[in-house]
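This report considers how side chains meet one another in the structure shown below.

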Amino acid sequence: MAFDKFVNRHIGPRENEISRMLETVGADTLDGLIKETVPSSIMINKPLELPEAMSEFKYLNYIRKIGAKNKQYRSFIGMGYYGTAPVSVIIRNVLENPGWYTSYTPYQAEISQGRLEALLNYQTMVSELTGMELANASLLDEATAGAEAMIMMHNARPRAAVKAGVSKLFVDEKIFPQTLDVILTRAEPLGIELVRGDYSEQEIDESYFGAILQYPSSDGDIRDYKSFVDKVHSVEALVAVASDLMSLVLLTPPGEWGADIVFGSNQRFGLPMGFGGPHAGFFASHESLKRNMPGRIIGVSVDSNGKPALRMALQTREQHIKRERATSNICTAQALLANMSGMYAQYHGPDGLKRIASHIHQSTCTLKNSIEKLGYKISNKEFFDTLDIRIPEGVEANSLEKTALENEINLNFFYEGKVMVSLDEITSIAEINKLVEIFAEAAGKKAEKLDKIYDSICISKQFTRKSEFLRQEAFNRYHSETDMMRYLKLLESRDISLAYSMIPLGSCTMKLNSAASMFPLSWPEFGNIHPFVPEDQAEGYYQIMDELGDALKRITGFEAISFQPNSGAAGEYTGLMVIRQYHISRGEGHRNIVLIPSSAHGTNPASGVMAGMQVIVVECDENGNVDVEDLRKKAVENRNELAAFMITYPSTHGVFEEAINEMTEIIHENGGQVYMDGANMNAMVGLSNAAIIGADVCHLNLHKTFAIPHGGGGPGVGPICTAGHLAEFLPTHPLVSTGGSRGTTAVAAAPFGSAMILTISHAYVYMLGEEGLTKSSKMAIMNANYLASALKDHFDVLYKGKKGRVGHEMIIDCRKFKGEAGVTEEDIAKRLMDYGFHAPTLSFPVHGTLMVEPTESEPLYELNRFVDAMKSIWNEIQEVKEGKADKEDNVLHNSPHTAAMVISDNWNHKYSREKAAYPVKGLAGNKYWTAVGRVDNGYGDRNLVCTCDPIDAYRFEGVEINVED
């Protein structure tokens with residue numbers, strides 16, 4: 001059949017352009033360039049034996065058949081996952097819109113004002129519903145948020161408690177089992193002692209630094225924690241509360257009865273269950289704890305014109321600054337899902353949320369009354385959406401479960417002697433009648449049919465919310481689809497995404513996220529599956545994981561895989577925990593030293609510390625390579641305690657290091673294991689692999705190499721692949737069988753992490769096939785070397801390989817421009833915005849540089865446009881250097897230029913408006929204008945505001961903010 005090959009759609013440069021590119025690069029053939037770039041000693045010399053590539057048409061038919069194998073039973077299991085009614089205007093205009101899902105984390109504030117505003121709205125929603133002062137811009141899921149709460153409380157201990165070695169944490173027995181499991185995983189290597197029990201009977205003294213409760217509890221009970229919280233506070237300890245965000249629409253928020261931290265999941269705010277994710281975890285606290293808060297916080301600042309502007313505040317890149325002293329390794333969050341949840345709240349508004357929450361609760365009350373008439377006892381008298389039903393004598397749990405399954409309904413039988421039922425916003429009277437029939441049949445009785453959901457309330461006044469919430473304009477205006485659609489488009493227009501131009505961020509791999517691969521995300525066959533259903537109801541998901549998992553094992557050269565880690569940093573942590581378990585199993589639990597090169601991504605040392613390891617830094621030489629002798633020296637010196645060596649390959653400096661096999665041999669000779677950070681795997685697929693270089697475990701960034709979109713800062717997926725001897729230590733899960741026979745406890749809430757978006761990487765691998773995957777790696781290297789060659793007369797590339805080639809990315813050295821013209825790398829980054837480009841990675845991994853990664857997906861036209869922009873900026877620098885442009889008042893220092901600046905009657909600059917706005921030909925027909933001028937970072941941290949009130953004032957009243965402190 002005459003279908004196009006997907007590889008020809010995925011790769012940017014056309015076949016007839018490659019010869020011209022090779023001429024610029026100075027290579028005879030593409031394969032010749034690859035041989036000059038990748039050391040021959042690590043090249044793959046046999047086929048990967050992957051399935052033959054499918055056309056987009058064929059693949060979509062294939063994935064439809066796989067999806068049909070998932071059984072869309074109605075799930076009332078609850079436990080953090082519920083049926084939802086996703087909002088169509090949000091699905092169409094955000095989830096299915098490349099203007100939203102292809103953008104990057106908003107480190108560059110000026111070109112990110114749209115998604116920053118959406119995240120600020122989200123933070124406002126979380127703060128107000130929880131009754132807390134401050135919320136972050138999301139974490140990975142509820143369970144990891146709970147673990148972060150534990151670590152945050154531990155880090156916030158008073159000096160006296162730190163000095164006394166206080167290390168006990170109380171965890172109430174009625175929290176979700178998956179949350180407890182992840183907390184256990186994080187606690188052990190940090191030396192934190194968990195004490196479990198009934199909060200009402202627990203004594204708390206000065207040996208505790210905190211407590212974790214759940215509200216409503218895991219059995220649905222609403223409990224009065226006030227006196228317990230006071231008791232914890234009396235010993236200067238903190239209290240974290242896991243909560244259902246929807247329940248807080250009706251219940252007194254934890255912030256009003258003393259909680260210090262509130263966390264949970266946003267899943268039921270318009271997100272499908274998706275077999276476990278991705279969903280945003282929410283996290284809120286008192287402002288007094290802001291310096292300890294994990295993740296990203298969006299704050300309000302001002303721009304160069306005194307106008308309100310948004311930015312990421314405080315510790316937005318904490319891991320890169322503090323490294324092994326970081327309090328968290330969080331890098332990827334769940335920005336896209338957080339935005340969708342915030343938009344769900346905006347679309348419904350406070351009145352709509354009350355209507356939804358009331359429907360859930362009233363449905364539960366209605367079901368309770370009918371089930372009690374059948375002789376069942378409901379243990380929880382106060383509840384929001386969950387009934388804890390004791391199974392009476394004469395009723396068999398197996399029979400009840402069998403009847404439910406015959407009616408294509410899932411109930412919660414995870415607890416012995418009872419069944420739990422959790423209702424949701426899509427519960428109908430017909431479903432309530434069906435549930436009553438199931439319980440009646442099991443009891444041998446006749447069900448009384450109901451004709452409506454009763455307007456009853458089963459919550460005492462002492463637990464009923466009395467405070468108002470979400471009164472801001474942002475939550476009370478966009479209630480028609482037309483208004484919401486236009487608001488989402490307004491926000492989208494303020495950002496740069498791949499839908500507008502290349503995003504040349506080094507170490508980020510901003511490649512094409514194909515339309516075909518994204519389609520299944522909107523399909524109910526994948527969205528409506530609860531993560532804890534029986535395996536036979538998720539056959540489609542298991543097939544995807546088997547097929548993708550087999551492909552990834554072949555690509556890495558390894559024998560086992562876990563999809564549970566739901567970010568790259570989570571993959572790092574998981575891999576190190578697997579190594580830790582391996583050493584413990586051999587009676588070598590004392591091995592706790594991890595060697596990490598100075599060039600490593602900042603999450604590496606942060607992950608090492610979280611895994612209970614001591615980080616020792618290995619130096620790099622003047623060429624950017626790991627200093628092999630320094631590595632040897634430190635490995636030998638620490639041979640008895642050496643646990644692991646973390647190495648990014650190709651390196652973060654953008655080079656295939658020739659001595660990689662020698663490095664891994666040194667580690668193995670001294671008793672350690674080798675962890676390969678797969679962040680740069682986009683240059684290796686089909687050419688080399690982790691096993692060949694001597695690694696024992698690696699993680700993969702599916703949101704980089706395997707085409708899952710970045711979503712403005714998440715979701716991400718960070719599966720780990722391991723050699724055979726580590727397979728038995730892969731992470732397990734308390735509710736679903738997965739992982740190794742001696743595996744670690746869970747690292748994520750769901751057994752297979754963010755399973756729903758695995759369909760994207762599955763599509764990527766199956767549509768490209770072995771040939772296309774290998775070609776993609778080659779073209780990623782080609783495009784990077786093309787840029788390096790095209791810019792060589794204007795910019796210096798800091799590091800190159802042995803034969804003068806870069807890998808898939810390169811570091812442009814900008815340090816000399818500061819001395820010559822007073823121009824910094826930040827000035828260049830901001831000026832690129834005037835040319836319509838997202839800035840490259842700024843001052844990482846080397847201060848004063850820009851790291852550029854074009855990926856294989858960018859066409860030659862776009863590469864040349866970037867080259868022209870960079871050359872034009874170089875000329876602008878020379879004008880300043882030669883005195884032709886003012887040293888202070890120039891286009892670089894004043895960039896980016898907004899439309900308001902350029903059209904203003906007050907133009908007092910020493911350069912023309914045209915030079916400011918249209919520095920090269922072609923911009924006039926497709927000009928991107930930043931929504932704000934250069935953002936004042938310092939002002940935002942000194943005057944921390946993290947809710948949407950000031951932006952409301954600006955948008956609807958035109959208020960300016962005084963920039964004077």
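## Salt bridges

The structure holds 49 salt bridges, a salt bridge being a side-chain nitrogen of Lys or Arg within 4 Å of a carboxyl oxygen of Asp or Glu. The model is a predicted one, in which local features need pLDDT of at least 70 and side-chain atom pairs count only at pLDDT 80 or more, while totals for chains, interfaces and linings use all residues. Residues are numbered from 1 along each chain as its sequence is written, and side-chain values use heavy atoms, with hydrogens and water left out.

One of these salt bridges joins Asp 4 to Arg 9, with the closest N and O atoms 2.3 Å apart. Asp 4 counts as partly exposed because its relative accessibility is 46%, where buried means under 20% relative accessible area, exposed over 50%, and partly exposed in between (1.4 Å probe, protein chains only). Asp 31 and Lys 778 also meet through their side chains in a salt bridge, at 2.8 Å from N to O. Asp 31 lies in helix α3 (residues 30-37) and Lys 778 in helix α25, so this pair ties together parts that are 747 residues apart in sequence; helices (H or I, at least four residues) and strands (E, at least two) are DSSP runs, numbered from the N terminus. Asp 31 is partly exposed, with a relative accessible area of 42%, whereas Lys 778 is buried at 18%.

A further salt bridge links the side chains of Lys 634 and Asp 630, at 2.9 Å from N to O. These two residues are separated by about one helical turn, because they stand 4 residues apart in helix α22 (residues 628-637), and both Lys 634 and Asp 630 are buried. Glu 49, Asp 550 and Arg 554, in turn, are linked in a network of salt bridges.

## Aromatic pairs and charges over rings

The structure holds 28 aromatic pairs, in which rings of Phe, Tyr and Trp (its six-membered ring) have centres within 6.5 Å, with planes under 30 degrees apart counted as stacked, over 60 as edge-to-face and the rest as tilted. Among them, Tyr 62 and Tyr 766 are stacked, at 6.0 Å centre to centre and 15 degrees between the planes. This pair links distant parts of the chain, since Tyr 62 belongs to helix α4 (residues 56-67) and Tyr 766 to helix α25 (residues 758-790), 704 residues apart. Tyr 62 counts as partly exposed at 23% relative accessibility, while Tyr 766, at 8%, counts as buried.

Trp 907 and Tyr 911 form an edge-to-face pair, with 5.7 Å between centres and 90 degrees between the planes, and both residues are buried. One aromatic cluster is formed by Phe 170, Tyr 199, Tyr 215, Tyr 225, Phe 228 and Trp 257.

The charged end of Arg 64 sits over the ring of Trp 523, 3.7 Å from its centre, the criterion being that NZ of Lys or CZ of Arg is within 6 Å of the ring centre and within 35 degrees of the ring normal. The charged end of Lys 927 likewise sits over the ring of Tyr 918, 5.8 Å from its centre.

## Cysteines

The structure holds 1 disulfide, defined as a pair of cysteine sulfur atoms within 2.5 Å. Cys 365 and Cys 458 form a disulfide, with their sulfur atoms 2.3 Å apart. Cys 365 lies in helix α13 (residues 335-373) and Cys 458 in the loop between α15 (429-443) and α16 (481-493), so the pair ties together parts that are 93 residues apart in sequence. Both Cys 365 and Cys 458 are buried.
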